[in-house]
Amino acid sequence: SGSSDPYCVVKVDNEVVARTATVWKSLNPFWGEEYTLRLSRGFRSLAIYVLDEDTIGQDDIIGKVSLSRQQISAEPRGIDSWLSLAPVHPDEEVQGEIHLELRVPKQGHPRVLRCHLIEARDLAPRDPSGTSDPFARVSCCGHTLETTVIKKTRFPHWDEVLEFELVEGEPGEAVLSVEVWDWDIVGKNDFLGRVEFPLDTICTTPTKGWFQLLPFPSTTDTLGGQLGALRLAVRLVEDRVLPPHYYQPLIQLLTEPILCPGQPPAGTALAILEEVTSGESRQDVATKLVKIFLGQGLVVPLLDYLTTRELARTTDPNTLFRSNSLASKSMEQFMKVVGLPYLHEVLKPVVNRIFEEKKYVELDPGKMDLSRSRRVRGDGWGGHSGKRISFKGSLSEAQVRESSLELLKGYLGDIVDAIVGSVEKCPLLMRVAFKQLRRRVEERFPSAQHEEAQYFSISGFLFLRFFAPAVLTPKLFSLREQHADPRTGRTLLLLAK
């Protein structure tokens, strides 16, 4: 069809840790997905693979982006850029470690290099069964020896010693190479990884331990961006979490203006925090504040404190809470933390129906597809026979607009009815916070001409920052496991608007 169905797989040290949704029929997919990964101290690399999902056969690998720990650590503020996709070659896709002991005894003539191959672990699966048939091949000074093949395992245990006679004048620049292969009865053996050691190092110091298997050095060009590029934002943060009592002075400082409201408001820690946070860090600060104050049972007073300060600075009620201030971001995070189960209960039935029905909806004349066939799901009476009816000729613009309006009104009516009828299901904390907000706005703008401001302030949060974004991108609110296809995505966009 000239397009792909792309998705991404995230690997840390060759272990899959995340998978994005599939974006159907697109060469310019947008995911907008964010993952927080807890990493071990010794992690080495992060790789993102872009694949094309196929309903028949294996998914095709389009390309990958690899970042070493050093590359990520070198950018304290994080990497945020377009990175060209590199081709993926099977011989470079290796994983796992090998356990070796290498030594050259001091006595004896001629000198002998003893290579004890103990075991390997977490090797790449190369057979359809999800395992491999691994053996090790050791090369030194022009000679090659192999271990036995261990069948159907990714964790082979050889416990074999291979010996190489060293010629006088060695080692010089010589190296010992250990390669691991998957034995195949038909066709070529598959490469599983390798590791090399300078011979002079082994002669002076015995070497023993687990060693990471590495790919063959790449001999291919990176195709210079021909595979496309991936926009990534990656940041490595090292958090040291101390026992709770270490944080008590900080918590006291933050909660002081709420527990002791008599002090000058401009000099409090919260006020200073509000002044110094920039736009990009405000989301992080708001998230952490909401969690801290939820833990202290003070989240509603926190929101009241922040919104009251913003109200004091606002002269025009029409601009109230429209900026991404600390108050707005804190209220947004509060709704996500406290209200996500409620959001699911209200929206999920309607959102699921929109995804399942896949109706064609379009109001923009410039985007209408008038020469299309209508798909009828079922037999018209609630069945599911999946019939398809084609209409000869083109539909008129008015017909498409009329049917689209009817569909949108139907969906929107169901969404609004679900929200209006959900008062008793709305979390108590949210209701208390909005009640307090309404009272503060009424106090700030008491005149009759601004009577609606108290309701607009609530709907600005509840609809613009809670329900509408969830309708627009259900995947980001865990309402669906996959992103919408283009047709359903257009319906959701028009509904959110």
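Accessible areas here come from the Shrake-Rupley method with a 1.4 Å probe, and for residues only the protein chains shown count as cover.

**Surface.** I looked up the accessible surface of the protein chain and found about 28800 Å², with 53% of it belonging to carbon and sulfur atoms. This is a predicted model, where local features need pLDDT of at least 70, side-chain atom pairs count only at pLDDT 80 or more, and totals for chains, interfaces and linings use all residues. Residues are numbered from 1 along each chain as its sequence is written, and side-chain values use heavy atoms, with hydrogens and water left out.

**Domains.** I noted domain 1 (6–88), domain 2 (97–212) and domain 3 (242–365 + 399–496), with bounds from an automatic or database domain assignment. The centres of domain 2 and domain 3, over C-alpha atoms, are 59 Å apart.

**Overall shape.** I read a span of about 105 × 75 × 40 Å for the C-alpha trace along its principal axes.

**Burial.** I checked how much is buried (under 20% relative accessible area; exposed is over 50%, partly exposed in between; 1.4 Å probe, protein chains only). The share is 40% of the 497 residues.

Next I turned to backbone angles. Most residues other than glycine have a negative phi. Lysine 152, however, has a positive phi near 50°, and this residue is exposed at 61% relative accessible area. I found lysine 152 in the loop between β9 (143–146) and β10 (157–165); strands are DSSP runs of E, at least two residues, and helices are runs of H or I, at least four, numbered from the N terminus. Serine 478 also has a positive phi, about 60°. Serine 478 sits in the loop between α10 (453–472) and α11 (486–496) and is partly exposed, at 47% relative accessibility.
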